[in-house]
Structures are given as structure tokens and as C-alpha cells.
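Q: Please pick one part of this structure and look at it closely. Then place that part in its surroundings, in plain terms, for someone who has not seen the structure before.

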Amino acid sequence: MLDRRKAVARLLSRRDDDLLVVSGLGSPTYDVAAAGDHPLSFYLWGAMGLAVPIGLGLALARPGNRILVVTGDGEMLMGMGSLATAGARRPANLAVCVLDNEAFGETGGQKSHTGLGTDLAAVALASGFAAATSAGNDGELEGAVDLLRHAAGPVLAVLKIGRDPVPRVLPERDGHVIRQRFRSALLQDAAMS
Amino acid sequence: MNGDSTDWRDDIWQALKRVGIAQVAYVPDAGHEKLIRAAHADPQIKTTVLTTEEEGVGLLAGADLGGERGVLLMQSSGVGNCVNAFSLLRTCGFPFLTLVTMRGEWAEFNPWQLPMGQATPDTFSRAGFLVYRVDRPADAGPTVAAALANAYDSQSANAVLLSQRLIGAKVF
């Protein structure tokens, strides 16, 4: 099992402005914030199931950027059809990282479908992703990070993480601020649409 | 389809092109068939088929983050699938336009279409949308153009309902 904070910090290490991050609600948003706040992180606090669709729309709009979606197993399961949508569109610049503790960690730790048989890396491959993998130790993490940061997409990596509680690191919560900050950093003419 | 089967659909397409729509997302409907075909045929437009309508809300939010404008095409039966997704638009102030072909309101043969068709206008209103209804072919292009201005100039969420009478009641 991987430590979620260390794994996400490794995933986002030496981050540059070409990397655009979308984080799924709950712990993945806190993990991305804990790795270092950045204007090109779009933090979700709701809209469960839409992390991959948002990443896909961004990937289509910005083919010169790398788009990394960091989300949890519950959020990914709710939007599992979006893996088929991304697999049909096949953007080479889209990467999806699923932080998988096989549980709904925010709501009492109820076991999720990934702990009951669903293999999200296999779902991604069967949906047309270019590559997908799972990682549960430090050696496997390096391969997963390389896939997520550099390989031709769409790619997906499941990081098997432990369930030990970690301190909450809460980024900006005002959606208007998060959106405007992201667009101002990415787009030169972002004052208005 | 009734009457002249080309004009109002072409007017909608021209309105979308005039403001530089770059992404089209859809769950298919017979009433949108011509727009969907035009979108796929246009090399300047990235067209994405969805497994469910709420993906389109996320997709167009992502397009906006990347500086592109888009439109979501769906049928009224898909509106209910999007309710929680609409919170993304309101909470973050995303500009948004969806064109909705209506069922369950005019000479409907399928009783399963009635509940969502009848609830569609109120669902959008309660989610904070500006809602427009098109009954006459001549109004389609201007209404979509007005909704686009409200979406992208005034940064709001907009739904244009293309009535079942306009499209022509589906008959099996």
C-alpha cells in the first residue's frame, strides 16, 4: 500500500506550467493541495463523477498541455461511463490517476466496488485507453508516475493507497475564484470569456 | 420532421459558428441529427459523444477552463441526469448553453417521456438557468444567438428548449 500524500507529492514533483491538474472532490483535492497550491489546479469540492469529463474537455481545448486528473475510487466509479467517452475520443494528453483505498473514506469507510471486484485499470483498457496500470509499492509507483506524466494518452493508473487518516489541507473553496484563477494563469485574455 | 426540414436547423448551426463554438457534446436525439452530422463534418469543431448527459456539463466546463466555447445537445429525458452536475455551473460561474429537444409535451406516443418532459422547464429554472422555448422555426436562430450572448457575454447558464411541435412529434 502506498501513502497517499507521498504518492501525490511524487506524482506532482517538479511540476511546471504545462501541467494542468483537475482534482476530484474530497481527499484527492486535499492531497493535491498538500503537494503545493498552484493556480493551474482546478479543485473540485462537488460534482461527483465529473472529474474525468472536465479533464477531457480541457484536454481537447489545450492539446499542447498535459492534463492530469487526480481522483478517488468512489468518484471514478460514479463517472465510469466517462472512461468510455475519453476512450472513444482518445486525447493523447489526458492522464487519470485514481487514488484507490477501496472505500468511501469521507463517509464512514464503507467498502467500495474496487474492494468488491471492479478493476478500474482493466475498465480503462477495455474502454480504449492507450495504457493503464496499477501500483501498490514504491517501485511500481515510479512506473505509474512515468506513465501519468509522460506516456501518450489517454492513460490511467490506479494507486493502491492505505486508509490511515491524514491531516486535512483545505484549498480555496469559492468556485468562482478557483475558475478565474485557473483561467487567468492559463489564458492571456482571461479577464472575460 | 415537418415543413421545411432544413431552415431552422441551419440557422442554429450558423448562430453557433458565428460565436466560435469549438466543442460540441451530445447524447444523440433524432431532433439533433442534422446538427450532430454538421458538427462531426466540421474539422474546426471537436465533437464528443457521451454515455450520459451530465458528462457534457463537465466536458464544457473543462473546455471553458481551456478557453473554448461549447454546446451540449440532448433530449429532455436527459435533463434529470444532469441535476447535481448543474451545481458545478452555478458554483463556479461557468458560461453554458444546452439545446434540448423536447419530448413528452405534444402528441407524445410514449408515456415514459411525459414525467421528465413536463419537468424540464422547472428543472432548469430551479438550477438557475435562463430558459428559452422555441415553437416557431423563424425563432430558432435568433433565440440560440440570444442564449449564446447571455452565456458567453454575460457568463450565465442557458437552456434552449426546441419544442416537440417544432421538431415534429415522433411516430412509430
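A: Two residues are in contact if their C-beta atoms, placed from the backbone, lie within 7 Å. The model is predicted. By that definition, the contact between the chains takes 28 residues from chain A and 31 residues from chain B. On the side of chain B that touches chain A, β2, α3 and α4 (86-92) each supply at least two residues. Of these, α3(B) gives the largest share, ten residues. Sorted by class, the side of chain B that touches chain A holds 14 nonpolar, 13 polar and four charged residues.

Helix α3(B) covers residues 54-65. The helix has twelve residues, and the distance from its first C-alpha to its last is 17 Å, close to the 16 Å expected at 1.5 Å a residue. Is α3(B) mostly covered or mostly open? It is mostly covered: twelve of its twelve residues are buried. A residue counts as buried if 20 or more other C-beta atoms lie within 10 Å of its own. Among the buried residues of α3(B) are Glu54(B), Glu55(B) and Asp64(B), along with Gly56(B), Gly58(B) and Gly62(B). The list also includes Val57(B), Leu59(B), Leu60(B) and Leu65(B), as well as Ala61(B) and Ala63(B). Just after the helix, Gly67(B) takes a positive phi of about 85°.

Next comes what the helix lies against. Helix α3(B) lies across β1 (21-26), β2, β3 and β4 of chain B, and runs at about 170° to β3(B). These strands belong to an open sheet of six strands with parallel pairing, in the order β2-β1-β3-β4-β6-β5 (chain B). The edges of the sheet are β2 (46-49) and β5 (130-134) of chain B, each of which pairs on one side only. From one strand to the next, the twist averages 20°. In β4(B), Val100(B) is the bridge partner of Met74(B).

Now the chain as a whole. Chain B contains seven helices and six strands. From the N terminus, its elements run α-β-α-β-α-β-α-β-α-β-α-β-α. The radius of gyration of chain B is 15 Å, close to the 16 Å that the globule rule gives for 172 residues, so chain B is as compact as a globular protein of that length. Along the principal axes, its C-alpha atoms fill a box of roughly 40 × 30 × 25 Å. Buried residues account for 50% of the 172 residues in chain B. Of the contacts in chain B with a separation of 6 or more, 76% are between residues 24 or more positions apart.

The other partner in the contact is chain A. Chain A has an open sheet of six strands in the order β2-β1-β3-β4-β8-β7, with parallel pairing. Strands β2 (41-43) and β7 (131-135) of chain A stand at the edges with a single partner strand each, so one side of each has no neighbour in the sheet. The twist in this sheet averages 15° from one strand to the next. Strands β3 (residues 66-72) and β4 (residues 94-100) of chain A run parallel and are joined by six bridges. Leu68(A) stands opposite Ala95(A) in β4(A).

Some backbone details in the loops of chain A complete the picture. Ala47(A), in the loop between β2 and α3 (51-61) of chain A, has a phi near 55°, a positive value in a residue other than glycine. Arg14(A), in the loop between α1 (4-11) and β1 (19-23) of chain A, has a positive phi as well, near 50°. Ala47(A) is buried, with 26 other C-beta atoms within 10 Å, whereas Arg14(A) is exposed, with 6. A cis peptide bond joins Gly153(A) and Pro154(A), with omega about 0°. Pro154(A) lies in the loop between α7 and β8 (155-160) of chain A.

Definitions and conventions:
Residues are numbered from 1 along each chain as its sequence is written. Chains are lettered from A and ligands numbered from 1 in the order in which they are written. This is a predicted model: local features need pLDDT of at least 70, side-chain atom pairs count only at pLDDT 80 or more; totals for chains, interfaces and linings use all residues. Helices (H or I, at least four residues) and strands (E, at least two) are DSSP runs, numbered from the N terminus. The radius of gyration is taken over C-alpha atoms; the globule rule is 2.2 Å times the number of residues to the power 0.38. Two strands pair if DSSP finds at least two bridges between them. Axes are lines fitted to C-alpha atoms, for helices over the stretch in contact, and angles run from 0 to 180 degrees between N-to-C directions. Ala, Val, Leu, Ile, Met, Phe, Trp, Tyr, Cys and Pro count as nonpolar, Asp, Glu, Lys and Arg as charged, and the others, Gly among them, as polar. The expected span of a helix is 1.5 Å times one less than its number of residues.
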